[in-house]
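This report describes selected elements of a predicted model. The sequence and structure are shown first.

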Amino acid sequence: MRVSSERLAAEAQHRLGRLVDSIPASLATRVAGGPRVIDGERLDPHLGVILAVEERLRGSDDDLTLEQRRRTLRTASRAAAGPPVPVGDVRDLEVDGGAGPLLARLYTPPGPSLAPSARPRPLVVFFHGGGWVVGDLDTHDQPCRLLCRHADVHVLSVDYRLAPEHVYPAAVEDAVAAFAWAREHAAGLGADPDRVAVAGDSAGGTLSAVVAQVARDEGMPGPVAQLLVYPGADASVDRPSKQLFSGLYLTRERMDWYWDTYSAGGSRTDPRLSPLCAERLDGLPPAVVATAALDPLRDEGEAYAEALEAAGVPVVRRRGRGLVHGYLSMTGINRASLEESIAVIGAFGALLDTVG
């Protein structure tokens, strides 16, 4: 059987990443040209080497076609994820979307079958990152496995429609419809129908925040909790982190390209695009908001957490020290990213044990 060039490239990059992560931190610092400190935040030295190698191998993606960008992310995510984290079961299914059925993937937590008196585990509806333009069920398979295993929850990953084929508000409509479907079918999926939550990274974190707001505003049953991992919360304001950390995995140019491709001329103050711009944030479910210390989106994510707290919403905040945007997908090649991801997921699992 022929092995695809994409898979071979991913395996080679993964081995290189593991090798870099295994060297002493002092050596990694020297290889990276010394410690890299920006605005008082020091980049994890192993991650610094990995990012430098990736940039040398891949170069800029500004001139890539749409399909090349999607293929590049698939290869990079496979390389950075490593061997799949074991869970109880994984199966594909269909859920409701805004304009018809969507593909989805259900992850069941490991462990023995529940006793008749035991409470089913929560269901977390997961929306992947990728600027609403790239990403799919496979690129975010490992983050969903980590969430399933370390929070001990069922995870329903949704393959929402992407731009430019389907511009805003298609992704929002899909996310809202898929969450409503999950609420209705949670018991049939083996999960607790009274504890259905949302989670996502980057653009998926934005969608998760928007689902919570739409549910509140439209009077529909909403999520009991939300996990927002380095979300894009406010595209209407350029906060300092957007300039300080551009080029550390995520660039300003790439963010603008994602935004323009998805929004199709929409207003940057539309709360379904920038949830921090909502008129009110009270009445939303408790949240875990996780940011990366050296991420262009750091400041808006933390501003959203602060605004939620000011509105009376319980919030657990974490800033991943030394980490960059996308760390949730780098757990197979960077120990610091793995440790922070497990800590964030553990905090969300603990939150879910207190709600519903």
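## Strand S7 and its partners

Within the sheet, Phe126 has Ala199 of S7 as its bridge partner. The pairing of strand S5 (residues 123-127) with S7 is parallel and comprises five bridges. Ala199 is in turn bridged to Leu227 in S8, and S7 and strand S8 (residues 226-229) run parallel, joined by four bridges. Between S7 and S8 the chain passes through helix H7 (residues 203-218), forming a right-handed β-α-β crossover.

## Burial of S7

In a regular strand, side chains alternate between the two faces of the sheet. In S7, Val196, Val198 and Gly200 lie on one side and Ala197, Ala199 and Asp201 on the other, and all are buried. Because six of the six residues of strand S7 (residues 196-201) are buried, the strand is largely enclosed by the rest of the structure.

## His154 in strand S6

His154 belongs to strand S6 (residues 154-158). Its relative accessibility is 6%, so His154 counts as buried, the cut-off being under 20%. Beyond its neighbours within four places in sequence, His154 is in contact with several residues, among them Tyr107, Arg121, Leu123, Leu189 and Gly190. A polar atom of the His154 side chain lies 3.2 Å from the backbone oxygen of Gly190. Leu66, 88 residues from His154 in sequence, is 32 Å away in space, C-alpha to C-alpha.

## Helix H6

Helix H6 (residues 170-185) has 16 residues and should therefore span 22 Å at 1.5 Å a residue; its end C-alpha atoms are 22 Å apart, in agreement. The buried residues of H6 include Val172, Asp174, Val176, Phe179 and Trp181.

Definitions and conventions: Residues numbered from 1 in each chain as written. Predicted model: local features only at pLDDT ≥ 70, side-chain atom pairs only at ≥ 80, totals over all residues. Heavy atoms only, no water. Helix = DSSP H or I, 4+ residues; strand = E, 2+ residues; numbered from the N terminus. Expected span 1.5 Å × (residues − 1). Buried < 20%, exposed > 50% of the residue type's maximum accessible area, 1.4 Å probe, protein only. Contact = heavy atoms within 4.5 Å. Polar contact = N/O pair within 3.5 Å; in protein donor to acceptor, adjacent residues only side chain to side chain. Pairing = 2+ DSSP bridges. Right-handed = clockwise from strand over helix to strand, strands pointing away.
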